[in-house]
Amino acid sequence: MIKAYYEVWLSPRTSGYGRSSIARLSNGSANTPSQVRRCRELGARLGADIVAVKVDDDLTAMGKNGQRANRPAYDETVDMLVSGAANAVLCLHTDRLYRQSRDLEPLIDVVEKTHAMVYPVETGALDLTSASGRMVARMLAAVATHEVERAKERMRDKKEDLRAAGINHGGPRAFGYQKVRPHAKGTAPQVPRSIDVKQSSSAMRRTLCSPVLPTRRRA
C-alpha cells in the first residue's frame, strides 16, 4: 500500500541527499556513504529513479547570526525540486536535511508549489502539504535545534571547568601543561633571552608566537 502511494512521487525523478558534520568517524571511516546507501536501498524498494545524489561532507546545518548554513549540495537539491529536475528527495533523517526552521520554512514553500515529496529513511514520508505534516516537521526542527544547542552548552561548561582546574581543554599542547619533551628541550632557557622586559605586551606575544620557540605545530 505504501509503495503504491509513493510510486506516483518517486518513480519519475528522485534526488538523494546526505550530510555529515564531521568528515570522518572516530574509526576513520567516512560517514555519508552509509546514508547514501540506505537512501538508494529505499529508492529501490519504492521503485524510484534516483537521478542525482548530493552530499555535504563536514558541513553543519546550523546557521549563525540569523543566517542559513552554507550547504552547496543542499541548495542544489532544493534547486532540483524547484526546476522539476527532481520531484522527491530521500534522506536518512530530517536532521540530515534541516536542523533549523530557517531551512525548513523555505523547503515547505517549495513543496507547496511543486508538490515534491520529502522521504526520510528512518521516519517515513514527511507530508509538508498538510497542516499536521508541517506541524510534525516543525517539531522535528525544534528538537534538532535543541539537540545542537544543548550539546554546545555542555561543551562550553566542560571547557570552563577544565580551564578553572588548569587542565588543557583541547587544541595544540600549550606551554606549562606538560613536561618538556625531548624535541622541545632548550625551549625554557630561550624564553628569558628572547624577551625584552621593556617590550610591549604585543611585542612579547609576537616573540612567543615566533618560530624561535618550538611547539607541536612549530618544531
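**Group meeting: a first walk through the model**

D95 and R96 are both buried. Keep that pair in mind. Their side chains meet in a salt bridge, 3.1 Å from N to O. Before going further, one caution: this is a predicted model.

Let's get the overall layout. The chain has 219 residues, and 34% of them count as buried. It has eight helices and four strands. What order do the elements follow from the N terminus on? They run α-β-α-β-α-β-α-α-β-α-α-α. So much for the order. Now the contacts. Take those in the chain with a separation of 6 or more: 65% of them come from residues 24 or more positions apart. And the outside? The chain exposes about 13200 Å². Carbon and sulfur atoms supply 54% of that area.

Next, the rings. How many aromatic pairs does a search of the whole structure find? One. The partners are Y17 and Y74, with ring centres 5.9 Å apart. Their planes stand at 75 degrees, so the pair is edge-to-face; the cut-off for that label is over 60 degrees. Y17 sits in strand β1, residues 14-20, and Y74 in helix α3, residues 72-83, so the pair ties together parts that are 57 residues apart in sequence. Are these two tyrosines buried or exposed? Y17 is buried, and Y74 is buried too. Y74 has another partner. R71 lies over the face of its ring, 4.1 Å from the ring centre.

Start with T32. It lies in helix α2, which covers residues 32-45. Why does T32 count as buried? Because its relative accessibility is 4%, and buried means under 20%. What does T32 touch, leaving aside neighbours within four places in sequence? The contacts are G18, R19, S20, V55, D56 and D57.

The other one is M62. Look in the loop between β2, residues 50-57, and α3. At 8% relative accessibility, M62 is also classed as buried. Again leave aside neighbours within four places in sequence. M62 is then in contact with A69, R99, Q100, T145, V148 and E149. M62 and R102 are 40 residues apart in sequence. In space, they are 9.6 Å apart, C-alpha to C-alpha.

On to the charges. How many salt bridges does the structure hold? There are 13. The D95 and R96 bridge from the opening is one example. Another joins R68 to D103, with the closest N and O atoms 2.6 Å apart. R68 lies in the loop between β2 and α3, while D103 is in helix α5, residues 101-114, so the bridge ties together parts that are 35 residues apart in sequence. The two ends differ in cover. R68 is partly exposed, at 38% relative accessibility. D103 is buried, with a relative accessible area of 1%.

E153 and R150 form a salt bridge, with the closest N and O atoms 2.7 Å apart. Both lie in helix α6. They are three residues apart, about one turn of the helix. How covered are they? E153 counts as partly exposed, at 32% relative accessibility. R150 is partly exposed as well, at 33%. Some bridges also share partners, and these join R68, R71, D75 and D103 into one network. There is R71 again, the residue over the face of Y74.

Last stop: the surface, and helix α6 once more. Which residues form a nonpolar patch there on the surface? They are M135, V136 and M139. Together they have about 280 Å² of accessible area. V136 is placed in helix α6, residues 131-164. Its relative accessible area is 37%, so V136 is partly exposed. A patch residue needs over 30%.

To recap, find these on the structure. Find the Y17 and Y74 ring pair, edge-to-face. Find the network of R68, R71, D75 and D103. Then find the patch of M135, V136 and M139. Thanks, that's the tour.

Methods. Residues numbered from 1 in each chain as written. Predicted model: local features only at pLDDT ≥ 70, side-chain atom pairs only at ≥ 80, totals over all residues. Heavy atoms only, no water. Patch = residues over 30% accessible without salt bridge, like charges linked within 9 Å, V, L, I, M, F, W, Y side chains within 5 Å. Areas by Shrake-Rupley, 256 points an atom, 1.4 Å probe, with all protein chains shown as cover. Salt bridge = Lys/Arg side-chain N within 4 Å of Asp/Glu carboxyl O. Helix = DSSP H or I, 4+ residues; strand = E, 2+ residues; numbered from the N terminus. Buried < 20%, exposed > 50% of the residue type's maximum accessible area, 1.4 Å probe, protein only. Contact = heavy atoms within 4.5 Å. Phe/Tyr/Trp six-rings, centres within 6.5 Å; stacked < 30°, edge-to-face > 60°. Lys NZ or Arg CZ within 6 Å of the ring centre and 35° of its normal.
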